[in-house]
Each structure stands twice: as C-alpha cells, then as structure tokens.
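I open a new page today. I want to go through this model piece by piece and write down what I look up.

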Amino acid sequence: MIYPIVAYGDPVLKARAKDIPADFPAAELQKLIVDMYDTMYYANGVGLAAPQVGKSVRLFVIDSAPMVEGDEDDDEPAETGIKRVFINPVMVSETGEEWAFEEGCLSIPGVRERVMRCPDIVLRYEDENRQVHEEAFTGMTARVIQHEYDHLEGILFTDKISGFKKQLIKGKLTRIAKGEAKADYRLRFAGQRGR
C-alpha cells in the first residue's frame, strides 16, 4: 500500500517517535516495511521515516544509491549506496568536520536548503528480523540516515537552518501547513485522515 506523505504542519512530525516493542507482530512490521519502501519509491525519495506516513514509531527505510550515483571523485573510491531498514535506532556518535549540502524532504515539498551535518556516524539499530547491529556510516549515506533519524526525534531539516533562512521560507511553510502544496505524490495535511 502506498501511503500519503504527511505534510509540514502535522503534529506527528514534531513528536518524538516511540520504540517498537519486542512483541510487535512480525507480520504487521514486515507489511509496514514493504509499504514504506513502496511509498518512498513512489515519491522518488531516498529515505522515509514512519512519522512521515503518520505512524509515530522508531522506524525508517533508506536507499541512498541515487544520492551517491555520479558522485565520484578521481582521488577517492566511489561511495556505495545502501538499501536498509532501521528499527529503534540510537545515534551512538556523529563525528568529523560538518559539511553543507542542500536537502529537501517529502513532507516539505518545494523547499530545499543547505544543512550542515557530520560526515561520519555510528548507529545502533535493529534490522527487519529484529537483530541488533552497531555500524558506522559515512558520506551521503550518513547524511540520509541523519535526516531520517531526525524525523524520529521530531526534528525537521528546516529546524537546522539559520533564523534568516527560516524567515525567507516562512511563507512557503505556512502555505504547506494550510494545505496549499502540490507534489507528484499524495500528501496528507494536518487535520486530514489518511488511509
């Protein structure tokens, strides 16, 4: 099932998501994961967090391959994208000199801004089989993970830009919150019920 994407202004995007309990039904979890991948790909995203489909649980999916394709530097080996599910993730560390990159978000259509993030992270998480991993990520994949992880903490990329930049996009954000936004995928605005 392809979910509508929850748009900016819905309180679910500003709430800290809850852990998925160990006794959560496996079949229900697997269906949610499949549906989230289907929704992410349908919307041409590289990551999707459960709050973005109206579910305030600590789960996100990514496929960072589109972010690293064509991002080759002659002096360094090309970064390899990953497709992965992250359940109940915990950020262990974020290190290295922060770097800027223009980010967007499926929940905030038509808005892109430069965001500073660390290049190296270590994340503890459960995979789709509920096995625990602690793994290091770098580059674009680390950035995608940090963006989606922020969603679970109730943080949007627009929260990480300067006050001046926030003033410049305030009108756009207000229009999105009022339901005045268009995208190539279905959006669900605050006060609407999604399926």
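My entries below cover a sheet, its helices, the nonpolar cores and one aspartate.

**Entry 1: the sheet**

I note at the outset that this is a predicted model. I began with the strand order. Five strands make an open sheet, and I read the order as β2-β3-β4-β7-β8. The pairing is antiparallel. Which are the edge strands? They are β2 (47-49) and β8 (132-138), and each of them pairs on one side only. I also checked the angle between neighbours. On average, neighbouring strands of this sheet are turned by 40° against each other, direction ignored.

Next I looked at how β2 is held to β3. The two run antiparallel, and three bridges join them. I looked up G47 as well: its bridge partner in β3 is I62.

**Entry 2: helices on the sheet**

I then asked what packs on the sheet. Helix α1 does, touching β2, β3 and β4. The direction of α1 makes about 45° with that of β3. Helix α3 (residues 139-152) packs on the sheet too. I find α3 touching β2, β3, β4, β7 (120-126) and β8. For α3, the angle with the direction of β3 is about 155°.

**Entry 3: the nonpolar cores**

How many residues does the largest nonpolar core have? I get 36. M36, L48, L59 and I108 have the most contacts inside this core. At least two of its residues come from each of β1, α1, β3 (59-63), β4 (83-95) and α4 (163-177). The largest share is that of α1, with six residues.

Leaving out residues up to four places away in sequence, L59 touches I20, L29, L32, I33, M36, A49, A50, V85, F86, I87 and L152.

**Entry 4: D10**

Last, I turned to D10. I place D10 in the loop between β1 (5-6) and α1 (26-42). Is D10 buried or exposed? D10 counts as buried because its relative accessibility is 8%, and the cut-off for buried is under 20%.

What lies around D10? Setting aside neighbours within four places in sequence, I find D10 in contact with R188, F189 and A190. I also checked the polar side-chain atoms of D10. One of them lies 3.0 Å from the backbone nitrogen of V12.

Terms used
Residues are numbered from 1 along each chain as its sequence is written. This is a predicted model: local features need pLDDT of at least 70, side-chain atom pairs count only at pLDDT 80 or more; totals for chains, interfaces and linings use all residues. Side-chain values use heavy atoms; hydrogens and water are left out. Helices (H or I, at least four residues) and strands (E, at least two) are DSSP runs, numbered from the N terminus. Buried means under 20% relative accessible area, exposed over 50%, partly exposed in between (1.4 Å probe, protein chains only). A polar contact is a pair of N or O atoms within 3.5 Å; within protein, one must be able to donate a hydrogen and the other to accept it, and residues adjacent in sequence count only if both atoms are side-chain atoms. Contact means heavy atoms within 4.5 Å. A nonpolar core is a set of buried Ala, Val, Leu, Ile, Met, Phe, Trp, Tyr and Cys residues joined through side-chain atoms within 4.5 Å. Two strands pair if DSSP finds at least two bridges between them. Axes are lines fitted to C-alpha atoms, for helices over the stretch in contact, and angles run from 0 to 180 degrees between N-to-C directions.
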